[in-house]
Amino acid sequence: MTGPVGSRAMVSAEEALPGRTTAEQLSNKHVVLGTPYRPPFPSPNYTTAVFATGCYWGAEKGFWKMPGVFSTAVGYCGGYTKNPTYEEVCTGMTGHTESVLVVYDPALVSYADLLRQFWECHNPTQFQGQGNDHGTQYRSAVYCNNNNELQLAIASKEAYQRALKGETIHTEIELMEKAGPFYYAHEAYQQYLARPGSRPYCSAEPQGVSLPPFASWAPPALQASHAPRLPEPYWEKHGPRPGCTIKGPNIQNRWPEESL
């Protein structure tokens, strides 16, 4: 069954648009952080994560503001079309989500911290959409690099669903080997909300509910290696809340603040 604009029905691989072999030509310089968002990255310790929360503009800003994040980019993941354009993704005929690539230093910010930002920055109980945006390209998703991340994503989903009083979470959780690759969006939409003349729009609907403490949901074997780096006072001050990506400054948060 095809998935036209705004449809909740996923397009099949056979019906998806074919795409192209040519990737987007990009500056590869983050508008706010000044860092590259395409590999190679300057440290072998940096790793990547990919999330989808609906419209990628606000989600990207929320992630680039986190301490320990080296760079971010927006693009598409979880679909079939090769090197899709924004216009193609919006038709619902590529199967992709609007996604955010996060490049981070796990010594400074952990995957558990990124998961907390992900869950708290949108409403994962909405199906195939977020806020005013409807369609499969706006579905919620976590794309994992390995089985450890997959276990953490699934466990955090179950914990957040309990925190939401049992409301059904519709977030798609897949390994990148199945959902990838991540295709970069065009230059004008990279770090869009920090660009002069950008439209101050974000459809995300944070629920004001915190992810339960890491120790209460993380698999025991992963607790030491993936413990959060950002303490509760950070989240009390900088955690997602309605309108935060529109009203807040573009600069990256520092923690502890004494380091400013």
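The largest share of the lining of the second largest pocket, three residues, comes from helix H3, which spans residues 111-120. Helices (H or I, at least four residues) and strands (E, at least two) are DSSP runs, numbered from the N terminus. The structure is a predicted model, in which local features need pLDDT of at least 70 and side-chain atom pairs count only at pLDDT 80 or more, while totals for chains, interfaces and linings use all residues. Residues are numbered from 1 along each chain as its sequence is written, and side-chain values use heavy atoms, with hydrogens and water left out.

A pocket is an open set of points on a 1 Å grid over the protein atoms alone, where a 1.4 Å probe fits, with protein on both sides within 12 Å along at least five of seven lines; its lining residues have an atom within 4 Å of a point. The second largest pocket is lined by 14 residues, and Arg116, Pro212, Pro213, Phe214 and Pro228 lie nearest its centre. Besides H3, helix H6 (214-217) and helix H7 each give two or more residues to this lining. By class, the lining has ten nonpolar, one polar and three charged residues. Here Ala, Val, Leu, Ile, Met, Phe, Trp, Tyr, Cys and Pro count as nonpolar, Asp, Glu, Lys and Arg as charged, and the others, Gly among them, as polar.

The largest pocket is lined by 24 residues, of which Lys65, His238, Gly239, Cys244 and Thr245 lie nearest its centre. Two or more lining residues come from each of helix H1 (56-64), helix H7 (232-238) and helix H8 (244-247). H1 gives the most, with four residues. Eleven nonpolar, nine polar and four charged residues make up this lining.

The interior may be considered next. In soluble globular proteins, nonpolar side chains tend to be buried together. A nonpolar core is a set of buried Ala, Val, Leu, Ile, Met, Phe, Trp, Tyr and Cys residues joined through side-chain atoms within 4.5 Å, where buried means under 20% relative accessible area (1.4 Å probe, protein chains only). The largest such core has 48 residues, and those touching the most other members are Phe51, Met66, Tyr111, Leu114, Leu115, Val142 and Trp217. A second, separate core of 16 residues includes Val50, Val103, Ala141 and Phe182.

Thr53 lies in strand E1, residues 47-53. Thr53 is buried, with a relative accessible area of 5%. Not counting residues up to four places away in sequence, Thr53 touches Ala59, Glu98, Phe118, Cys121, His122 and Gln130, contact meaning heavy atoms within 4.5 Å.

Methods. Buried means under 20% relative accessible area, exposed over 50%, partly exposed in between (1.4 Å probe, protein chains only).
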